[in-house]
Amino acid sequence: MGEFVATKINYAAVLPMLIVFAAAMIGVLVEAFVPRASRYVAQLPLTLIGLAGALAALLLNSRDNQGITAAGAVVVDGPTLMFQGIVLALSILAVLVMAERLDREGADAFTQSGASVPGSPLEAQAERLGATTTEVFPLTLFAVGGMMLFPASGNLLTMFVALEVLSLPLYIMTGLARRRRLLSQEAALKYFLLGAFSSAFFIFGAALIYGATTSTDLSVIAKAVGQVTGLDSLLVPGILLVAVGLLFKVGAVPFHSWTPDVYQGAPSPVTGFMAACTKIAAFGAMARVFYVGFEALRWNWQPVLAVVAALTMVVGAVLSITQKDVKRLLAYSSITHAGFLLLGIVAMDRTSIAGLMFYLAAYGISTITAFALIALVRQSGAEATHLSQWAGLGRTSPVVAAVFAFMMLSFAGIPLTSGFTAKFALFAPAVAHGGVWLVVLAMLASAVTAFVYVRVIVLMYFSDPIDGVSVVNPSYLTYAAVAVGAALTLMLGVLPSPLLDAAKSASIFLR
Amino acid sequence: MKLGGAESTLFALAAPLSVIGALALLFARKAVHAAMGMALTMVVLGIFYIAQQAEFLGVIQIFVYSGAVMMLFLFVIMLVGVDSSDSLVETIRGQRWAGLLLGLALAALGLATIGKATFPAGTGLDRANSQGNVSGIARLIFGNYVWVFEATSALLITAALGAMMLAHRERLSERPSQADWSRARIKSGRNVAGLPAPGVYARHNAVDTPALLPDGSTSELSISRVLKARGQVATADKELAISQELEGETGDMTRRGNGDDK
């Protein structure tokens, strides 16, 4: 029996993750020991400092400490740092939006008492006495920690745990909307049950792959894939089952059915966070699994993913036409975008990985901004998400309507917005690597969704306003997030080269 | 690899049991039966682990899952109410059959492909356990998989935080003391002496039987509103009849019917 040797962990490389997890745990302690009235004031700076500190550590420190560490569990390479950096930057924006309290005690989007029955005296009492749900800040940090670990996972077990760490806080936060709480709780339950189901598929797939290759390490799997004989019938179902777990998280057809309900039920700032950051993390993990682990078996999974991508684009685009609710419309739009993003996985080239990163950043920024604006349009206190309530918004609130229209144009991929450059960066490698029919399909789907987005803009500018719909006046938090989001959307459209170059130089996976 | 006689006998006996337990979890109408089915499956799984020389895993499986987690399940079910059962109404027509068909197709596909695999010779349990079963696991958890092990703590903290948020009703105001209740009663001037106690009859007294007012009618206030909401309030008629009969025999109430003023 050999002496036990402690696993070496390169703490400099994993420092960003450690900072985020540490901030989350301090946040939990704040919940336990700080009086209720001052919790919000304590949590918000803590969360922002945690995220900004992690981003600083990532930029200053981790870049020079790349490598495989923690016995292969964590791989810190170019793509990892890029995905982690985008997640961190976007989650800072998302936290600013989440923290918006209008003129209340706590964050406005969240219920004051998650445990009370909707409409019960307990809820009314909690509202009157100013209870808070500041636990959403540590929960967000835990989710961000999971999202950072997910694309960095070097083996399937770490990936599974990261998947759970990022999902569980999202399930909880989905159920905490202040208004229309039953809808929100239903959404949380649906998300939880379907998410648990898809995690089970993932772990079953990982077990089959372990059975075939006797390892969960992606680099070992990559070597073993070509050598094992007679076990392809374990490997291929294993890969497909792992893919199911990942495709569920990005909301690809046919695993998309949760998306509209959850996007609609969750508090709007959480929807923005979830739509942007979960996609980044999940596509990062998917890229690592397929590029590092299963590259040798690409003839088995590429056609499947191509069909899924095609289905996702078509179904998302077609169903978005019929939507009457802004949040559901953006949910179907996010499904379509997931289909576009899958092209970056199918193309199987380092330029497509760069395109994928750029697209994720551009789409995430626009999404968080759009959902921040949705949270501001109100009718009698509640969010006015029905499309008819948005009629004439261009006359009553020109600024909100203008920024929202800009985001819609970015989603549609109109030049001078980030959406255009992102689509170009993503589709060009796909054309170069044999995905022409997919790109044609993506263009058609873009045209269909462009019609949907333009219809919203027309509705905002060329219809008569509805009585009672108003835009609430937010604090500097939302102002800052929306201003930064709009500025970045414009900047990535006009001046994309800094981020594009960074993505290109960081697109090689360490094996 | 060949199984020994004892091991294959054990498998032949226990495997059907675990499948029965799993099916009971799916098809039992009552939540308690489903939970017991799940407990059965978990215990049998623990037995399998022990039979495969994974003693630590087997014992943990039985202790933690069957023991702690399942008992927690049962407690929750009992608190929620043993009688509550799910509504099995289909909201989308034909969904169940379509789901069943697709599930069976997936199972058939999986069995067909996975069944084709030809496994190489196993390395044997002795080699897997060469460092001792428990220390072998410890080496994996605290060696190669230490990062995952630590990351799990984030999961557990999140779970605890979420459970507190979604289920723990924080007490926002002071709990009113007996003196507070008394003061409030006197201030309001209603039920100053407290609510009437439930009925006490000659041969019966119980919280579900309402008390009688002087005019012979029953007092709604003497019954807990929880019982009323559940529809578990008994009628006082039978007890009243018995009381009257007894009192008539002893001549205590001179058969004047109910109430003092008749």
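How do the residues of the lining of the largest cavity divide into nonpolar, polar and charged? They comprise six nonpolar, four polar and five charged residues, where Ala, Val, Leu, Ile, Met, Phe, Trp, Tyr, Cys and Pro count as nonpolar, Asp, Glu, Lys and Arg as charged, and the others, Gly among them, as polar.

This is a predicted model, in which local features need pLDDT of at least 70 and side-chain atom pairs count only at pLDDT 80 or more, while totals for chains, interfaces and linings use all residues. Residues are numbered from 1 along each chain as its sequence is written, chains are lettered from A in the order in which they are written, and side-chain values use heavy atoms, with hydrogens and water left out.

**Cavities**

The structure holds five cavities of 30 Å³ or more; on a 1 Å grid over the protein atoms alone, a cavity is a set of points where a 1.4 Å probe fits but cannot get out, and its lining residues have an atom within 4 Å of a point. Grid points are joined across faces, edges and corners, and a volume is the space filled by probe spheres set on the points.

| Cavity | Volume |
|---|---|
| Largest | about 180 Å³ |

Among the 15 residues lining the largest cavity, A:Ala177, A:Arg179, A:Arg180, A:Lys327 and A:Glu383 are the closest to its centre. Helix 10 (258–265) and strand 4 (382–383) of chain A each contribute at least two residues to this lining, helices (H or I, at least four residues) and strands (E, at least two) being DSSP runs numbered from the N terminus. The lining of the second largest cavity, which includes A:Glu100, A:Asp108 and A:Arg378, divides into six nonpolar, one polar and three charged residues.

Contact between the chains, meaning heavy atoms within 4.5 Å, takes 36 residues from chain B and 51 residues from chain A. Together the two chains bury about 3,600 Å², 75% of it on carbon and sulfur atoms, buried area being the accessible area (1.4 Å probe) that two parts lose on being put together, summed over both.

How values were computed:
On a 1 Å grid over the protein atoms alone, a cavity is a set of points where a 1.4 Å probe fits but cannot get out, and a pocket is an open set with protein on both sides within 12 Å along at least five of seven lines; lining residues have an atom within 4 Å of a point.
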